[in-house]
Amino acid sequence: MSEPIRNKKLDLTTAPTPQNTPANNAPISSHAQQPGVASIKEEDLDRAAAASIFAQNPKLVSMIQGKLGTLVGRSSGYIESLPAPVRRRVAGLKGVQKEHAKLEGEFQEEVLQLEKKYFTKYTPLYEKRAKIVNGAAEPTEDEVKAGEQDDEEDEDGKAGTAGDESMDQGLAGSPEFWLSAMKNQISLAELIIDRDEPALKFLTDIRMEYLERPGFRLIFEFAENEFFSNKLITKTYFYQEESGYGGEFIYDHAEGDKIDWKPSKDLTVRVESKKQRNKNTKQTRVVKKTVPTESFFNFFDPPKAPEADDDDATSDIEERLELDYQLGEDIKEKLIPRAIDWFTGEALQFEEVDDDPGEGDFEDEDDEDDDEEGSEERDDEEESDEEDDNSKPKQEAAECKQS
């Protein structure tokens, strides 16, 4: 019976031949790396493959999101595995946290009451502002001096150019005050299109009021105009009765007034004309169709949460609801309290603007142009090198002939 090989040394007495002699003296060790593309990592390939699968199967993505959503807030089992005395202390800490949550709710309620208290003090100032804007009153000398003093400080003592007072004798108030202020407010300016401006010029006041329940109402007052018969158009924002995790109020929904548009003056729709030809008689006719269009006045028709279980529709509606609520907050917290600063544009210097949105999604075009130009230059150099190489034999041949 043959003996198993155990740590036997290689017999080196055999004469070397091309068959038993390696071409390279350095043996391939067990630590040698297999040849491959160094720039492509395995995890990158897995990530790209997964992205491709998800892109082709949106229902699979929705199903996975639904499954993951059911895991949110569920216990991992760690707390249940703790000893009984520790679990008792954890329950006690939760009780302490509930007392803290009650205080947070009381804090938010007192903040709301404080806002309402000072709102009653702001209201006479808003009423005076409305009278001055609409030409029903003139500012006092003290108010004018206080405003001019601010202007001098902003201009570092430089005197401004005064207008011709003789031309302003018949001009009352501040024309297009609210339209100008809204167009300077970034979030609102994005809603206003050219077709809206003639109607918004009749806007005489924007104000707000608190509700008895958590929430607030925005009030837009218009002078008589050719577009609609409403003197007041309101939009009301409602909060949920129960407060949120930190005691803050949670937005629930919004309701807007119906606008009574005059005939052919509805700015939220446009009329499309389409020609149709009868196949038999060859006669043509023009069919007009009314379709929705962009307008600031869509603001008074807020989006509503979808009833069907459509994840894509729900995501879109949630974004629109969030945007709608933010617009209401901007009007309440920014535009109404500091309307004159938005009218003059001074408020813009305190507004945070995202100068470089989506930086990761964009590349500098200059760099690409430089790369293209660089590649073209390299191509030109390669072509010139080839031409030089091709010309060398000719030159050598010519020298040989001369010799």
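This report describes the fold, the sheet, the nonpolar core and selected residues of a predicted protein model.

## Overall composition and confidence

The protein chain contains 11 helices and six strands. Of its 403 residues, 19% are buried. The chain exposes about 32,100 Å², and carbon and sulfur atoms supply 50% of that area. Among contacts between residues at least 6 apart in sequence, 55% join residues at least 24 apart.

The average pLDDT of the protein chain is 78, and 67% of the residues score at least 70. Over residues 1-12 the pLDDT is below 50, and this stretch has zero contacts in the model beyond near neighbours in sequence. For residues 23-38 the pLDDT likewise stays under 50, and the model has zero contacts beyond four places in sequence for them.

## The four-stranded sheet

Four strands form an open sheet in the order E1-E2-E3-E4, with antiparallel pairing. Its edge strands are E1 (203-210) and E4, each of which pairs on one side only. From one strand to the next, the twist averages 15°.

Strands E1 and E2 pair in the antiparallel sense over seven bridges; in this pairing, isoleucine 206 has phenylalanine 220 of E2 as its bridge partner. Strand E2 (residues 215-222) also pairs with E3 in the antiparallel sense, over seven bridges, and there glycine 215 has phenylalanine 238 of E3 as its bridge partner. The antiparallel pairing of E3 with strand E4 (residues 251-256) comprises five bridges, and lysine 235 stands opposite glycine 256 in E4.

Strand E3 (residues 232-239) has seven of its eight residues buried, so the strand is largely enclosed by the rest of the structure.

In soluble globular proteins, nonpolar side chains tend to be buried together. The largest nonpolar core in this model has 40 residues, of which Phe220 and Phe297 touch the most other members. Helix H6 (residues 177-184) contributes the largest share of this core, five residues.

Which residues are in contact with phenylalanine 220, leaving aside its neighbours within four places in sequence? They are Leu203, Asp205, Ile206, Lys231, Leu232, Ile233, Phe296, Phe299, Phe300 and Ile331.

Glutamate 127 belongs to helix H4 (residues 84-133). This residue counts as partly exposed because its relative accessibility is 49%. Glutamate 127 and aspartate 205 are 78 residues apart in sequence, and their C-alpha atoms are 9.3 Å apart in space.

Most residues other than glycine have a negative phi. Glutamate 176 has a positive phi, near 55°, and is not a glycine. Glutamate 176 lies in the loop between helix H5 (141-154) and H6, and is partly exposed, with a relative accessible area of 35%. Serine 264, also not a glycine, has a positive phi of about 65°. Serine 264 is located in the loop between E4 and strand E5 (269-277). With a relative accessible area of 80%, serine 264 is exposed.

Definitions and conventions. Residues numbered from 1 in each chain as written. Heavy atoms only, no water. Helix = DSSP H or I, 4+ residues; strand = E, 2+ residues; numbered from the N terminus. Buried < 20%, exposed > 50% of the residue type's maximum accessible area, 1.4 Å probe, protein only. Contact = heavy atoms within 4.5 Å. Areas by Shrake-Rupley, 256 points an atom, 1.4 Å probe, with all protein chains shown as cover. Pairing = 2+ DSSP bridges. Axes fitted to C-alpha atoms, helices over the stretch in contact; angles between N-to-C directions. Core = buried A, V, L, I, M, F, W, Y, C linked by side-chain atoms within 4.5 Å. pLDDT = per-residue confidence, 0-100.
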